[in-house]
Amino acid sequence: MSGTAPVLLVEQRDGYRVLTLNRPQRLNAFDAGLQAVLRQALAEAGSDPACRAVLLAGAGRGFCAGQDLAEPGLTDPDVDLGAVLDRGWNALVAALRGLPKPVVCAVQGVAAGAGASVALACDITLAAEDAKFSQAFIRIGLIPDSGATWMLPRLVGPARARALAMLGDTISGAEAASMGMVYRAVPAASLMAEAESLCARLARLPADALAATKRVLDAAEGNTLEEQLALEAAVQRDLGRSADYAEGVAAFQQKRPARFEGAPE
Ligand code: T3D
């Protein structure tokens, strides 16, 4: 493995933080250690006002190959895989969705199994055109997990979700973008620059409105239209009293760029 190299690289940039999975010899497959370190890094990013967006990426030739299948004991009949999921992947997906800041994901190379689920759980996912997405679970006798059965049909529709889940076919980043699984596919050589530029943009946008956008969009998945209209009105009532709203409107009227609270210079 990577000796004493940290399994997660953390770099603070101007207004955002880059978290890079760093187990390239295993295509950044997650063991329990990486799960814990990434969750801790997300919690720290969430509470640090200097961090207004997170970029999740993978070191080496792949984004993430899902569960580390070399982790001892996984197929031991005494091991409760449901509990393993709850402690690890499910907690990670909840941390990503619950983070009150946008998470951008940059996928190069492989995003397989729960590695693909993590990419889909992020707010804005960019993929290299030649990235490889795979619901690899079926090949080892499992169902798609870590939220894949919830996210995939919502993103690509039930017909494609069923085929991808049942066949475990590998699709490219370009195909993933064309079916709505990810936001955009870009040439591999410009993936990180594009993802960093998105994070820099997000860092300059109004943080409370971004957090609310994320929360309200997630709530929509379980709400009726009436409930959602009421939620939008309640959230807009609060945001309408914010300094960022006053600044946004003033900047529009004065034909100048807005300068939102806490945004980097
Ligand atoms: O079990 C639970 O806790 C429940 C949760 C499940 C969640 C899941 O994610 S289940 C799905 C787990 N992931 C997979 O099944 C994918 C396994 N990997 C592959 O099928 C292939 O590696 C890929 C198709 C992703 C990529 O193939 P390729 O040819 O580009 O690379 P490779 O040669 O197979 O892999 C490179 C190295 O990474 C290799 O190590 P080596 O031989 O050079 O020492 C390979 O063993 C290692 N690696 C790749 N994926 C994993 C892995 N090591 C551990 N775990 C992996 N998932």
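This is a predicted model: local features need pLDDT of at least 70, side-chain atom pairs count only at pLDDT 80 or more; totals for chains, interfaces and linings use all residues.
**View 1. Helix α10 and its buried side.** Let's start with α10, which spans residues 243-253 and has D244, E247, A250 and A251 as its buried residues. These four sit on the same side of α10 because they cover an arc of only 130° around the axis. That buried set packs against α8, residues 207-220. On the face turned away from the buried side, look for the exposed residues F252 and Q253. Just after α10 comes K255, with a positive phi of about 50°.

View 2. In soluble globular proteins, nonpolar side chains tend to be buried together.

**View 3. The surroundings of F133.** Zooming in on F133, you will find that its contacts include V107, A111, A119 and A127. F133 also touches a run from D169 through T170, I171 and S172 to G173, as well as A176, M181 and V182. Residues up to four places away in sequence are not counted here.

**View 4. The largest pocket.** This pocket holds about 530 Å³ of space. Of its 24 lining residues, R97, C122, D123, I124 and L217 lie nearest the centre. The elements giving two or more residues to the lining are α3, β6 (124-128), α4 (148-156) and α8, with the largest share, five residues, coming from α8.

Note on methods:
Residues are numbered from 1 along each chain as its sequence is written. Side-chain values use heavy atoms; hydrogens and water are left out. Buried means under 20% relative accessible area, exposed over 50%, partly exposed in between (1.4 Å probe, protein chains only). The arc is that of the directions from the helix axis to the C-beta atoms. Contact means heavy atoms within 4.5 Å. On a 1 Å grid over the protein atoms alone, a cavity is a set of points where a 1.4 Å probe fits but cannot get out, and a pocket is an open set with protein on both sides within 12 Å along at least five of seven lines; lining residues have an atom within 4 Å of a point. Grid points are joined across faces, edges and corners, and a volume is the space filled by probe spheres set on the points.
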